[in-house]
Every structure is written in structure tokens, then in C-alpha cells.
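Please keep the sequence and the structure in view while reading.

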Amino acid sequence: MAALTITVLAASGCGGDSGGSPEQEDFIVELELPLSSYQEEPEVYGQAGLSPNGRNGTRIVIRLDDPHKATMEAEVRRGGCGGFRSISADYELGKVKDGKLTTDVDVPTRDIRMGYALVVREPRKDDEQARSRRVPREGFFDKGTCGDLSSAEPVD
């Protein structure tokens with residue numbers, strides 16, 4: 001499995017969030033799908049922008065329409081929003097604070113747009129415990145949203 005390097009840029013506060021909005025990126029995906037089949041609507045909505053960053057990287061800019069009061073977590077999972085292929089995230093992107101996150105991953109944009117979903121979710125109480133003990137997490141979530149990265153549209 002290839003090594004993953006993530007750089008989280010300032011989303012608020014000191015200095016610059018160089019990825020101001022998803023519309024400034026090359027591709028945009030709507031975060032509008034519920035995380036579980038039993039939900040009719042997601043708890044949160046938003047957009048994510050994707051752009052090549054260097055030869056083998058991708059910048060991801062996340063903006064939630066109505067920032068959830070809790071800090072959310074973002075991750076990329078293999079499979080579409082209708083069914084994840086793995087219980088744990090393939091790429092953990094970091095915390096979405098005040099509805100914003102800009103991060104870089106060492107995966108080419110063309111690859112991350114094929115067969116992956118972007119999940120923004122509220123952390124579950126068992127997440128930290130599962131990470132520390134390397135226990136698999138259950139495959140369902142309570143609050144959050146999802147967007148199929150294969151559906152990302154080019155920005156004009």
C-alpha cells in the first residue's frame with residue numbers, strides 16, 4: 001500500500017486558506033448523499049473541489065453549506081456512497097472545523113476520481129478507541145454526508 005502524506009492548510013485563523021472555495025478548483029462534487037441507507041436525507045450538505053497538486057497529488061477543498069456545530073471528520077473511501085468497500089477509511093483527510101477543510105493527498109486526481117467516495121461525518125465515540133486498539137469500526141455512521149468522487153464535474 002502506498003504511503004500517504006496529508007498536509008492540512010489553515011482553514012481559519014492565522015493566515016491563508018489558499019483553497020478559498022470549491023469553485024476555484026478544477027472539479028467539483030456535491031456532498032448531498034446520506035451515509036446510511038436508512039436515512040432519506042443527510043445531516044449536512046456541502047461541496048468539495050478537487051485539483052491536481054504537483055505530479056501525483058490532489059488538493060481537496062471542503063465547504064459545508066451549514067457548518068455542523070461539532071467538528072466533522074473527512075475521509076476518502078473506496079466504493080461509492082451507496083456501498084463502501086472497506087470498513088475503515090482509505091485516506092483520512094482530517095478535521096472539518098467551522099465547515100471548512102483544505103488538504104492535500106498524495107494520490108493523482110485522475111485516480112481519486114475513480115471508484116472513491118468523500119465522506120464528511122461526525123466522529124463517533126468509538127473512533128478513537130478503535131484507532132488505539134486497531135479494532136475495526138462498524139460500517140454505519142450517524143451524522144454526515146457523502147459525495148461520489150467519480151461524479152465530480154469539471155468547473156468552467
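Does Asp 66 count as buried or exposed? Asp 66 counts as exposed, at 60% relative accessibility; here buried means under 20% relative accessible area, exposed over 50% and partly exposed in between, with a 1.4 Å probe and protein chains only. This is a predicted model, in which local features need pLDDT of at least 70 and side-chain atom pairs count only at pLDDT 80 or more, while totals for chains, interfaces and linings use all residues. Residues are numbered from 1 along each chain as its sequence is written, and side-chain values use heavy atoms, with hydrogens and water left out.

Asp 66 lies in the loop between E4 and E5; strands (E, at least two residues) and helices (H or I, at least four) are DSSP runs numbered from the N terminus. Leaving aside neighbours within four places in sequence, Asp 66 is in contact (heavy atoms within 4.5 Å) with Val 44 and Tyr 45. The C-alpha atoms of Asp 66 and Glu 43 are separated by 9.9 Å, the two residues being 23 apart along the chain.

Asp 98 is exposed, at 57% relative accessibility, and has a positive phi of about 55 degrees although it is not a glycine. Most residues other than glycine have a negative phi.

In strand E5, Glu 73 is buried, with 8% relative accessibility. Its side chain makes a polar contact of 3.4 Å with the side chain of Lys 95. A polar contact is a pair of N or O atoms within 3.5 Å; within protein, one must be able to donate a hydrogen and the other to accept it, and residues adjacent in sequence count only if both atoms are side-chain atoms.

Finally, confidence is expressed as pLDDT, the predictor's confidence in each residue, from 0 to 100. The chain averages 78, and 75% of the residues score at least 70. Among the elements, E4 has the highest mean pLDDT (96) and E1 the lowest (37). Values stay under 50 over residues 1-18 and over residues 135-139. Where pLDDT is low, the predicted coordinates should not be read in detail.
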